[in-house]
Every structure is written in C-alpha cells, then in structure tokens.
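Here is a short report on one protein model. Keep the sequence and the 3D view open as you read.

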Amino acid sequence: MSDMNAEETGSAGAGAGEGGTTAGLLAEMLRNSRLAAFSLAVIIFIIAASFAAPLYMPYDPNKPSLSERFAPPSASHWAGCDDLGRDQFTRLVYGARISIMIGLVPTSLSIILGTALGLVSGFAGGRTDFFIMRLADVVLAFPSLLLAMVVSYTLGGGVTSIFAALAFVGWAATARVIRAQTMSLKEKEFVESARSVGVRESVIMLRHILPNCIPNIIVLFTLNIPEAILNESALSFLGVGASPPSASWGLMVYRYKTYLMSYPWLAAAPGAAILIFVLAFNFLGDGVRDTLDPYMKD
Amino acid sequence: MSARPRLLEADHLVMEFGARGVMREKQTVQAVSGVSFYIDEGETLALVGESGCGKSTVGRLALRLLEPTGGSVRFEGTDLGSLSPSELRAIRRKMQIIFQDPYASLDPRMKVYSIIAEPLVTHRVYGAKRETEARVRELMSRVGLGPEQIDRYPHQFSGGQRQRIGIARALALNPKLVVCDEPVSALDVSIQAQILNLLSDLQEELGLTYLFISHDLGVVRHISDRICVMFLGRLCETGPTEDIFRTPLHPYTKFLLEAVPKPDPHLRKEKKALLAGEMPSPVNPPPGCRFHTRCPESGDICAQVTPEMRSFGARQAACHFIR
Amino acid sequence: MARYILKRVVISVPVLLGVALVLFLLLNVVPGDPITIMMGEHIKPALVESFRARMHLDDPVLVRFVRYITGALRWDFGVSYKLEREVSDLIRESLPHTIKLTVCAALVSWLIGIPAGIVSAVRHNTLADRFFMGFSLLGISLPIFWAGLLMQYVFAFRLQWLPVTGYYSLRYYIMPALVLGWSSAGAIARLTRSNLLETMKHDYIRTARAKGLKETAVVTAHALKNAMLPVVTVMAIQVAGLLGGAVMTESIFGIPGLGRVAVNAIADRDMPLLQGTILFTTGIVIAGNLAADIICAFLDPRIRVE
Amino acid sequence: MDTADNGTLSIKNLSTHFFTRRGIAAAVDDVTLFIPKKSVVGVVGESGCGKSVTALSVLRLVSRPGRIVSGSVSLGGEDLLAKSPAEMRQIRGSRISMIFQEPMTSLNPVYTAGRQVMEAMMIHGGTGKAEARDRTVEMFRAVGIPEPERRFRAFPHQLSGGLRQRVMIAMAMVCRPSLMIADEPTTALDVTIEAQILHLMKELQETFGTSIMMITHNMGVVAEICDYVYVMYAGKIVEQAGVFELFDDTRHPYTLGLLGSIPRHGSPKGRLLGIPGTVPSLLDLPKGCRFSPRCDRAERYCSEREPEMYEVAPGHKVRCFHCSGGSKGGSP
C-alpha cells in the first residue's frame, strides 16, 4: 500500500500540470465540487444584489407606509412588511451589506493580526512566544460571545466597536494555528537549506514560512467569516450590536421577536437570510479545506 | 593523499541538546561527545553509523548550522566560531549541504528556478536576472534536468529528480565542501545509482570535497576515501575505506560490517555474529566506552575508562583491547 | 502523570489571572470614567462622588486590581450597583439554571454528535454520511436565537407541546437544550468523523485487520479509542461555546441563568455584576479544559505511562 | 515448480487494479506466484512495482479504490477469493499472518504489547484469557524479547523499533500460521537490528515450518534469506528463479540493472551500472514491454508487443524477448 502511494502519486503528479499554486487548486475545486461552486455563486449573488439594490429595488428600505403595517408576504411584498409598513425584503437585501462587512472586516483584521503574531511567536520562540501564547490562552478562555459583548460594551457600541470586538476575539485561534504550523515548518529541511545558503532569518520567515502558511490562512479565513457573521447577529440580537438605522439581520430578528406569535414571518425571514448566507460560507469553507488539506499537513 | 591541503578540521566537537520544559528536570541528549576529524581538499570522508549515533548532527556542526556546545571547526584555517553572523553567511558560499529527504528539502511553494537561484540571489552573485537565469540553466543541465522543467514545482518531480534539484542548488555558488546527508537513502536502488554516479562525476569535474553521511555501508564503501565510524556520539574507528572494510579493528565496526546483508547468496553464513541488545539511550549513555554494554570483548576497564583514539598505522580506533 | 496533571494545574493559574486582568482592564480602564458609562452623563456630582468612594476609583489601577482579585479569591465579587446585592449571591442563585441548561445541551450534543460522526466515518461517502454531515453543517450555521424563536413558535405556540418560557421543570429545558445542543452536536460530529477517518488510515488498523478482527471490532476496539482523544479535548472547549450560547437561549426562554444575568448587567450598565459573572463563567471554562486534559492523560498511555 | 498444488500458497493470474479518478492503475497485473511449503520466497522490486499490493491481495486487504479484478489465490488448495468475508477473517492472522515495514506505527499506541498479541490468539484459537496470556509470554520469549513478562505489560511507545518488530513477529507467529507475509520488515530498522530480525525470522521458519513471503526492495535481504525469488517491475513479474540461479545467471535487463545499481563490496570505485530514467506511472504505462523505454537492449518490437514469461532453465523464467530462444543473452 505504501509503495502504491508514495512514488506513484509523486510521479503521476507530474502529469497533472497545474495545481502547484493555491489559486490553481481552488479553481480545480470549483470545477470538481458542485456544492462549493454553487455556494460561491450564492454568496456572489447576494453580495451583488445588495450593493446594486438601489438600482432595481422598487421600495425605499426606510420609508414607512402606515397602510401596509404588518402586511403578510405577498407578490408585491415577498417577505411582508414590518411594524412601520416598510418592505421587509428590501430591508433584507440592504441588510446584507452589513453582514458582508461584518464577515469581511473583522475577519480580515483578526487573520492579519493572528498570522503576524503566530508567525513571530512560532519563529522567534522563547519569551516572545511564551508571552504571545499566554495572551492567546487568555483570550481563548473567554466564551467568545461574552468577550465580544464586553469589548463592544467598553467601546460604546456601534459598528466600529463590533468590528474591534470580533477582531479581538478572533485573532487568538488564528495565531495558535499559524504558530503551530510555523514551528513545524521551521524544522523542515528546506528552511535549514535556506539557512545553509546564507539566507537571513527575516527573509526565511517571510519568503519560506509565510507562503507555506497560505493554504491554512485561506481556510481559516473562509471558516471565520461565517462565525463572525453569526457572532454579530447574536450581539445584535442581545442588543449590543449596531444601532437601528443600519439594520443588520440579527437586529431585525431582535426587533421583531415581540411580534413572533402574530406575525412570525417578520422574525423568520431575516433569520433565514443569516442561515442561508452562513451556510453558503460554511459549504464553501469545507470545500476549500478539503482541497487544501494535504497542503496544510506539517 | 597527504599532499592535499587540509580543508576542514573539527576538534573535539560536543553537542548536547537540552530537553527542558516547565517543571521537568533537565535532560540532556548527548548527541555528539568529543568528535575530531579532518577532511582534505578533494577527498570524500564518510561518516557512518546507525540512527541516533550523531552523524547528521556532526554534519550540521561542520557547517555551523548548529552551534556546538563545545569544540571548534576550522574551515581553510578560519575558526567558524569566531565569525560574525554576516561573515558566516559569506563563508557559506564555500560550504553547502545536500539533504536526505528530497520531499522536505525543497520549498514546495517555489519553482525550480527560484530554488536554484536563491543562493545566487542571496549573495548577489550576478547583477542581471539574465545572467542568473543562464547560470540556473547551466546548473540544471549539469545535473541532468531538462531546460523545460525550470518553471515546475517540486511536487511535479520524482524523488530522484528532486534530489538533482537539491544538488544543483548546492552547487550554485561553486562551493568547495559539500556535506551530503544521506543523499540517496530515500531513493530506489536504480535511482540511487544514478545519483551516486552524478556525485562522482561532479566531484571529478569540479574538484569537490565531500563529507558523506550515510548508514548504508555499501554506498559508503563505493564512494568514500576515508571513513569515520560512529557509535552513540563518539568515533570508534577512522581510516582509509578499504583498510577498514578488509580488517576492521574496533569490535563495533566488525559487527556493523558483518550485519550488512550481502547481495550475494554465496556469502550467506549459517552462523552470523550478531550484535545483541539495543542501542543505549543518548540521554543516559553508559560510562566509559559507550559500546561496552553490548560488546562481547569488553573487560572491567571498559566500564570505567573512556578509551582514547589510538593510531594503528594509517588508522585510529578507540578501544582498550586492540593491540 | 502526577507531574503532568500538576503542570496543567499550574499553567491554568496565570491564564485565570490573565483573564481577570484583561476583563478588569476592559471594564475599568479603557475609556475614561466607569461611573459615567454606568449612569450616563447627567447625574448629580454628589452621587458620582459617593460611588467613586465606594468603588475606590481614585486608587491606582493596580491597587484596585489586586483588591478585586483578593476579593474574588474570598468569593467576594463586589456589590451589584443596580440590584444592590452581593454579586456572589446573584451568581450562586443563577448558576444552577445555567448548569442544568448546559449539562442538558452537552448531553444532547454528545448523544447526537458522537454517534452521527461515527456513522458518517464508517459509512464514508454514503447517503448516511451526507445526511449527518448536512445536519451538522446546518447545526453550526444556525443562528441559535432564531432557531429558539422558531421552536417556540412551532412547538409551544402552534402545537402547544411544550411550555414557551420558564424553568420550573425539565420539560422547560427541552427546547433550550435542543437548540443549544444542535449547534454543538454539529461541531462534535464533524470532528469525530474527521478524526476517525484519519485514525482508520493508520498502520495499526491494517495490523488489526490482518489479525482477522471483524470490522466492527477494528472500529470500536482499535480506532475509536485513538480517535476520541482529541474529541474529549474539544468537548471541553465546547463548554465555552455552550456557556456563550446559553446567553442567548436563556434570554429567549426566560431562564434566569448566568448568561441572562450578564446580558441584564450590560443593559443596566452594572459593571461589578458583569465583571463577576464573566469572570466566573470563564473560570468554569478553564476548569473544563483542565478536566479534559486530565481525562486525556488517563486515556492516553503515552502520557499516563512514562 | 509451480505445477504441484500441494504447496502453501499459489497465486494464479492475479490482477489488482486501482480505480482512481485519473484512470485505472493496474498495480498487480497477471501475477502468478507459488510458495512451496517451508520455504522463504522473495518478491523484490522498487517502489510502485506492486509487490505490497500483491501481498495485501493475498489477505484480501486491498483498500479502496483498489480491487482484485481477476485470478485466483489458493492456500493449501482452498480458493481464498471464493471465501466469505467471515471465513476470510478466520484465515487472517491464524493461517496467514502479516508483518509490516513500520514497527513504530503498526502497533496500536493505546494498548499494551501483550494485549495486542493475545487478541490475535483469542479471536482464532478460542483460548481462554489465562492460556492466551501464558502463550503470549512464551511467544515473546521465543522471538527473543528479554524480560517477556515485563514487556507484556509495556505500551508500544516504551519499546524500541527492534522490540516492536519482535512483538509484531510474535503476533504473526502466535497462531502458528502456514504462511507469514513480511512486507519490508527490516527496512525501517538499523543494520545491526536488521540482522537480528532476519536471523530470527529464519530461525522461526525452521522451527515452526512456516513459509515466508518476503516483500523487499533490498537484494541483500533476498540473498540472505530467500530460497526462491520473483522480481517485479511495474505490476508484472519479470523474472523468477532460485536465489543462486538469479544471482549467478541473471537474465532480465531489469534484474541486471537492479544488481548493477548496488554498490558491491570489492567493486572498484567509479561508476555504477544503474538504470536510466524513472519508473513509469501505472496510469501511463509504456506499450509493449514495460521496461523497454529504460532498457539498453530494447528493439522496436519490444515497444510493440508484450513479452511472455519464457522458461530459460528449469525453474527460471524471464519476461524478455531476448531470452525467448533460451540463448544466454547478455549474462555477466
């Protein structure tokens, strides 16, 4: 069995042509996995639809219409109208922007911070490593939602404080993963080989170790986005999220839960939107992970 | 052989790895305990021994990829320990290493060009990229790689081809000394032969000096001029290759040579002299001669006094009982 | 192994201290005056002064932190500003509810997640695998609060099978535990599956088969024990997730547990209460991780026998 | 030699293919192999030649996407491929056992060495725990494990590589099988330990009369303990002969190349014969003789038609056109 796999797949790989780059692998994944490709299409569609909304949406998301208060879903109002008679579907489409921002901004921040700290921690070792990792231990010991609540409370609420809160909560897990990978890469012969030809340590870290962490970073990124979206919606639901004019989906559920028994669609629709968006990201993330998994092994 | 100038001289190298953690008593692995040897220009010195004997560590100490706990290495008369980091980086141009595992020793995210060009770029050998590329192509053809392979990634090559890439990279800076750390042990026999032939050719053409680290005695006998046999961090015996293979002096060398399965059924023996027991731990090596716990010829003195290297003609061996 | 356990315990102490410090800094130091945050801008200066004095806000931060920590060690987390009661009493009252909820949810997640993961791995790439993995991914993608609301609507309001809110008997915990347990079950199932698949590739599995063992014996006797070691660790990490999720389930289902106390503390800007509940909750998480490390040490002979 | 059916194992025209996404790989292609009673038969070749898959096929342990597609495997006259899974399990570990290359990973880390050996006996022998225990300790002693009672309770991580391989051998021998398959059993071991293990295997083979199928890439190991040898290349057997005949009267160019690649004692310092090129991918095999692109004697017809096995001497067969006339070809 071992002899079937080792040399065979090695030399057979030579025929595959592309596949050396992460981008090539991901392109191959989209060709092979219908689910991942479909999920990506859904995500792109939602993003495009929400940003292009003013171009084609017949309703204003913030304009009340008293005659249509609590109108049930119909052909003209796909997801009904809310307590002020605003078209809920329009509000959902506009609300997607917040979810996207929430998905991307704090995740990017936490990935950048986590990668930098993990890389330094794993490469430098010693006291630097000890300090950074104990800090990560501390952050990871908090239930993330509670910590985000506190940070957002401290910073006084609003979108930026949510960004900061989610980034503060998210970096530690990334740092741990990248540190572990850095430590294992550091022991690889190709790093020793670079050292033996006289390459500087800083260059080794950036040119050899960081690029080899990229598959991991991409996987962490795709899997952290849905988590951030869920966390934000939870914060909004608990009333420590973004403020009302920019209604995020979580906040919409929070606001309409009082009407649950009489007008259930009001709370159901934004929740379903969160579920679909998060599910699409998770399916995509799974596909990415399965594709890049062999390249993440140490 | 004595006419050749001395290239590298290692003097009483000691390497201890501390395995120390929070709340654990300090354990030191005595990987190398007082190893001295020299290499003359143009020759091949082999370091042989079983796993855990410290031969790879010695190779890295010779290049100062590891900082020794004790002892010194002189390369062309310069004490490597006295050099600043930048001076050390500069002297690395003259000494290179080829690794055992062709799967792990090439950065999987780099193309062949970048791998081979890295030493050239690092030392700013050429001003223009065109010159660098010309040199890379020249190296590739010298080690038997096709020019069309320059833009491929390591995973697109077989083990033997990867080892060729590693060799091209090691030769890029025209080194004098090349440490070959088990360069063929991960390869199939037929590929092994190709790589060994390549190494021999290169040595002849470029006048290279090899420090050849291997556990494969057949390979060592084929390629080396002199041999150092190691056991648990110490040298047992050193001398010209053929002398040692014909008449090993040290008891461990005898067992080692006897143990190798010979590719000739006529050489089968009904009763082979087998070395009993297992390798002692390098954390807690036996006192005196480290081989004495497994040595059938050992006496009382072996457990108490560490044998020094003594000369026997062209050879040296560390055993109390050799006359 | 005693040394291993001792080492784990000793390592948790600075983490707990770090948690306390981070929390303290976040709530006491960062943006200016906690009194203003707590009470808003327009309050009588005299009242502010009395609070400052009561909370020793004029002392240096370090002194206040040390005072807080020494207090916490003596089970004294200060006094709730809003409820005017000992924080420790409030924690003691709310804790049983949270424990009941998290234990039920944990049971749900393990009883569903582990078997689902095993079946998925053993029947790799079959319909059953796809079903369970879809179910798991749905679980981890589900906004807990929304699922809670939907269940209330369907099972309590429409079908009237279960009570909407409350905490008077086990029946009241069914929906919250299911909602909370599902997302956790998804994570456990996925991890169990991937670990088991990974373990099944090991050489010793081939040895077990070559010995003539039945496939069920290969899986249960040889693969599972190895595959479950990391799962145990994650089960402990899940405690953190469950406690975090409990914040939402408790407020939806009207359970007066720790999470709800914390949310109310935020709404009331009741700093001492918030600090106390979160410090205590995080302490539970750290203790849970410690317990998992120790259980793993007992299960894994590579740690147990040195 | 392979006519009598009273041997231990007889493989006839066995083919095992791997159905991968990129195509079908014929890892074992029409292999016929015979293991007489009380003998050590070597199957030698480089990585990817199909020797390990052949071994796993005998036990029917080839895992997906691999599948045995044709041929027969019979053990003492019984067709193993016709057995039900339950019957096959009864044979594994009791009548045919197997040891592997990596003693470090072939034992389960969470169970004691003794327990893992006992298990093999208890599922087959129907012995009670106490008896199984006694016999395991006895077997430990027989395979040269010092302090067997203490080692019985040891976990794999507490044992050295050599001892672990001895435990594996104890596990393989404890049910007194008629055939033991050894897949590169000494490759991961140091040379002095290798010598111990080879010696032990030979000794056990003589004491218990077990036949051994020795899978290896090492011609030295072959010369040391095998009686008869099959050389495999790219899924096919290319040469088979008694061990002395194979080394003294090597016929197939691949076997010649293999032997010429080994730096031999006494050979002068200089070039090794070697074999040019690399092993072909099983998904993209050359037409005709699979060795023809690397063969220095290849003619045009070599890459057009596939050679049969030709008998060049009693018990010595070669898959090469240049040996078809019984001519001595280019023997050294």
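## Where the chains meet

A salt bridge joins the side chains of Arg190(C) and Asp286(A), with 2.8 Å from N to O. This is a predicted model. Between chain A and chain C, the rule finds one salt bridge.

How is the size of an interface often given? The usual figure is the accessible area lost when the parts come together. The table sets out two interfaces in this way.

| Interface | Residues in contact | Buried area | Share on carbon and sulfur atoms | Salt bridges |
|---|---|---|---|---|
| Chain A and chain C | 40 residues of chain A, 46 residues of chain C | about 3,800 Å² | 82% | one |
| Chain B and chain D | 38 residues of chain B, 46 residues of chain D | about 3,700 Å² | 54% | zero |

Start with chain A and chain C, which bury about 3,800 Å² between them. On the chain A side, the residues that lose the most area to chain C are Phe142(A), Tyr153(A) and Met261(A). Together they account for 18% of what that side buries.

Now take chain B and chain D, which bury about 3,700 Å² between them. Here His222(B), Pro263(B) and Arg268(B) supply 18% of the area that chain B buries against chain D.

## A helix in chain D

Helix α3 of chain D runs over residues 113-125 and has 13 residues. From its first C-alpha to its last it reaches 19 Å. That is close to the 18 Å expected at 1.5 Å a residue.

Which residues of α3(D) are buried? They are Ala113(D), Gly114(D), Gln116(D), Val117(D), Met118(D), Glu119(D), Ala120(D), Met121(D) and His124(D). These buried residues pack against α2 (85-91), α4 (129-142), α5 (148-152) and α6 (161-173) of chain D. They also pack against α10 (215-253) of chain C. After α3(D) comes Gly126(D), with a positive phi near 65°.

Is Ser161(A) buried or exposed? Ser161(A) sits in helix α8 (residues 159-186) of chain A. It counts as buried because its relative accessible area is 3%, and the cut-off for buried is under 20%. Leaving out residues up to four places away in sequence, Ser161(A) touches Ser152(A), Leu155(A) and Gly156(A).

Leu111(C) gives another case. This residue lies in helix α5 (residues 87-122) of chain C. Leu111(C) is exposed because its relative accessible area is 64%, and exposed means over 50%. Leu111(C) also belongs to a nonpolar surface patch of about 380 Å². Ile99(C), Val103(C) and Leu107(C) are the other members of that patch.

## Backbone exceptions

Most residues other than glycine have a negative phi, and most peptide bonds are trans. Now look at some exceptions.

Asn125(C) is not a glycine, yet its phi is positive, about 65°. Its place is the loop between α5 and α6 (127-141) of chain C.

Lys38(D) also has a positive phi, near 50°. Find Lys38(D) in the loop between β2 (23-35) and β3 (40-44) of chain D. Lys38(D) is exposed, with a relative accessible area of 58%.

Which peptide bond is cis, with omega near 5°? The bond from Arg64(D) to Pro65(D) is. Pro65(D) lies in the loop between α1 (51-58) and β4 (66-75) of chain D.

Technical notes: Residues numbered from 1 in each chain as written. Chains lettered and ligands numbered in written order. Predicted model: local features only at pLDDT ≥ 70, side-chain atom pairs only at ≥ 80, totals over all residues. Heavy atoms only, no water. Helix = DSSP H or I, 4+ residues; strand = E, 2+ residues; numbered from the N terminus. Expected span 1.5 Å × (residues − 1). Buried < 20%, exposed > 50% of the residue type's maximum accessible area, 1.4 Å probe, protein only. Contact = heavy atoms within 4.5 Å. Patch = residues over 30% accessible without salt bridge, like charges linked within 9 Å, V, L, I, M, F, W, Y side chains within 5 Å. Areas by Shrake-Rupley, 256 points an atom, 1.4 Å probe, with all protein chains shown as cover. Salt bridge = Lys/Arg side-chain N within 4 Å of Asp/Glu carboxyl O. Buried area = accessible area lost by both parts, 1.4 Å probe.
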